[in-house]
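Please keep the sequence and the structure open as you go.

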Amino acid sequence: MTRLFRPLSIITLTVALFACGDKAEESEKSATPSDAASPAQVEEYYAAHPDFFMFKTPADIPADLVWQNGMDEPELGSPDAKKGGTWFVRQQDFPRTLRQAGPDANGTFRRYVLDYVSVPYAKTHPNTKNFFPGLASEWAIDRDSKTVYVRINPEAKWSDGEPIDADDALFMFFFYQSDYIVAPWYKNWYSTQYVNVTKYDDLTFSITVPKAKPDFEGDVLELRPKPRHFLETMGPNYVENYQWKFEPATGPYTISDKDIRKGDSITLRRNNDWWLKDKKFFRYRYNPDKLFFKVIRDEAKFFEAFKRGDLDQYRARTAEYWYDKLPDSDPLVQNGYIAKSQFHNVLPRPLFGLYLNTAKPQLDNINVRLGIQHATNWQLVIDKFFRGDYPRKQTFVAGFGENVDPSIKARPYDIVLAMEYFAKAGFTTRGPDGILVNDAGERLSFTLTTGYERFKDILPILKEEAAKAGLELRLEVLDSTSGWKKAQEKKHDIMFTAFSPSFEIWPRFWEFFHSDNAYIDPYLPDGSINPDRKLKPQTNNFFSWGTPEMDALISQYRESEDATQKRALAFKLENMVHDIAVFVPGWDEDFYRVEHWRWMRYPDDFNVKHSEDEEEYFLFWIDEDVKKETLAAEKKGDTFPPSIKVYDKYKEE
């Protein structure tokens, strides 16, 4: 499951859209950093965009601002947590880069160098939804001017000891607006969703957004600076030159060259001088001294390594590994060596389903897509593979509360309806193997690709059920990195995957359905389809979808400042997504299950309300004394009380 972080990762934009007011007519050359991004070049870039990058004095800060610091928010983690030990974890395939942006940077390992461990200026509290401080000591929100003011904590330092300051906040925009990083979504987001960044002194800055959206403060406070002193000399070869360079971090862990064993393992080590280690909200988190990631590609081998005690935990995403491979009656469970924990969370649900690439032959036909909807038996997958534990996903988005239209329902498996739609698309005759063909002799056949080795047994169920309706699905199971790369390059027919939305209140559509993320130069100046348009790689629009009508609605939705209007637009977009039938909804995960050795400890409530998984907030710890006790007991045959717990405090929410 690939996470949709704020900001996510998708789309390109020309320099004319730098959101710098009357600077829109600047040439592309002047808006793109030159080949040698020296400190002088950075300053030149700022000077070329004076409306975006400003420099003022503390006297220019409005005197009537109401500053807040979030220190009244509840603590995170348990005071019982112990520092130390090594967390042994499986990595399905070796990361292709340590860069935090650009090609191949959005893989599963990214969470351990960025999403789960880096520190923003302030972060939404996962129980209260209010902000608590990170790099900032305080902040103020001026809704009238659409501006957020931030004061950086004077103690804040990068992992290499350099101070974090307002220059890093400005440089972040230089970095993400650059073509060097080859990250279209970042370039677009940081060029259009912000209109100004102003430095007042070394620790104080403000950021202004174009629209006072209901949650605009989060778009500023949850930003993370970029280390200017480390990146300011990047140039056209950034992707290659920084491929295996670990960027100075705001979080607790670092990676050194000696800890990178390509193809085999990678280790993160605690920064003992981390300035936040004793601060509220962080002192009981990030407890292990080391995070050791071992590459184990095969799921069965991964599970056996876990049962041997080589790895500390196993996320049981399938019923087989919860009920059969490690049942409650298993001696490892009954003897108390391995605990089983099920936690019900409250969060936007992962977007599990089939992503149909409309750039592929036949998949651009609405009747073929509607037929696939009815030829896909997700309910059988849920009943058979998941033992009925999960509900069917009804629409593309779920878990956003009142911002999801409850009237939308997923199309059921129905062979008759499927064949009716296929017939409308010209597929009326079954071949000798039962697969439909059209008058041109073309088979109704597509490749179904996934990067989920753990879910590979789902695919034969879908294949067998689809064949009953005359649809052939050719199955392709890749490793997670290769599968993701294929989809981002738009080389798939049908992709079985999921995105994991950020903890936010509004669903996203621009990343998935706007033409800017589907094609390079999708339209001609008169608004008609560009016949020479080419697919745009490195975006999350796996549907290759985009129309002027939907583009306009998405733009209106993104810019809306009124919650009622924005909700109505969300409903329209959700219905439009349903109508175009490019996504076949799978299932919703409303809890997660973890099997873990008893030395891997969690707080009394196990985790926070709005958590994606057991790792996200790093509340766990490794108790080395308990580990020694457990391993010795296992050898001698001593036992402990079994621990099989369901944490359902938030289930009804």
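1. A hairpin joins β9 to β10 through four residues; strands here (E, at least two residues) and helices (H or I, at least four residues) are DSSP runs, numbered from the N terminus. This is a predicted model, in which local features need pLDDT of at least 70 and side-chain atom pairs count only at pLDDT 80 or more, while totals for chains, interfaces and linings use all residues. Residues are numbered from 1 along each chain as its sequence is written, and side-chain values use heavy atoms, with hydrogens and water left out.

2. Which strands make up the open sheet, and in what order? There are six, in the order β2-β9-β10-β8-β7-β3, and their pairing is mixed. The edge strands, each of which pairs on one side only, are β2 (53-55) and β3 (67-68).

3. Is β10 enclosed or open to the outside? Five of its five residues are buried, so β10 is largely enclosed by the rest of the structure; buried means under 20% relative accessible area, exposed over 50%, and partly exposed in between, with a 1.4 Å probe and protein chains only. Thr 204, Ser 206 and Thr 208 lie on one side of the strand, Phe 205 and Ile 207 on the other, and both faces are covered.

4. Ala 105 is found in the loop between β4 (86-91) and β5 (122-124), and Ala 105 is buried, with a relative accessible area of 7%. Leaving aside residues up to four places away in sequence, Ala 105 touches Thr 97, Arg 99, Gln 100 and Arg 110, contact meaning heavy atoms within 4.5 Å.

5. Turning to the helices, the axes of α11 (residues 366-375) and α13 (residues 415-424) come within 8 Å and cross at roughly 165 degrees. Axes are lines fitted to C-alpha atoms over the stretch in contact, and angles run from 0 to 180 degrees between N-to-C directions. The two helices are therefore roughly antiparallel to each other, the term used for angles over 145 degrees.

Conventions
Parallel < 35°, antiparallel > 145°, perpendicular 65-115°, else oblique. Pairing = 2+ DSSP bridges.
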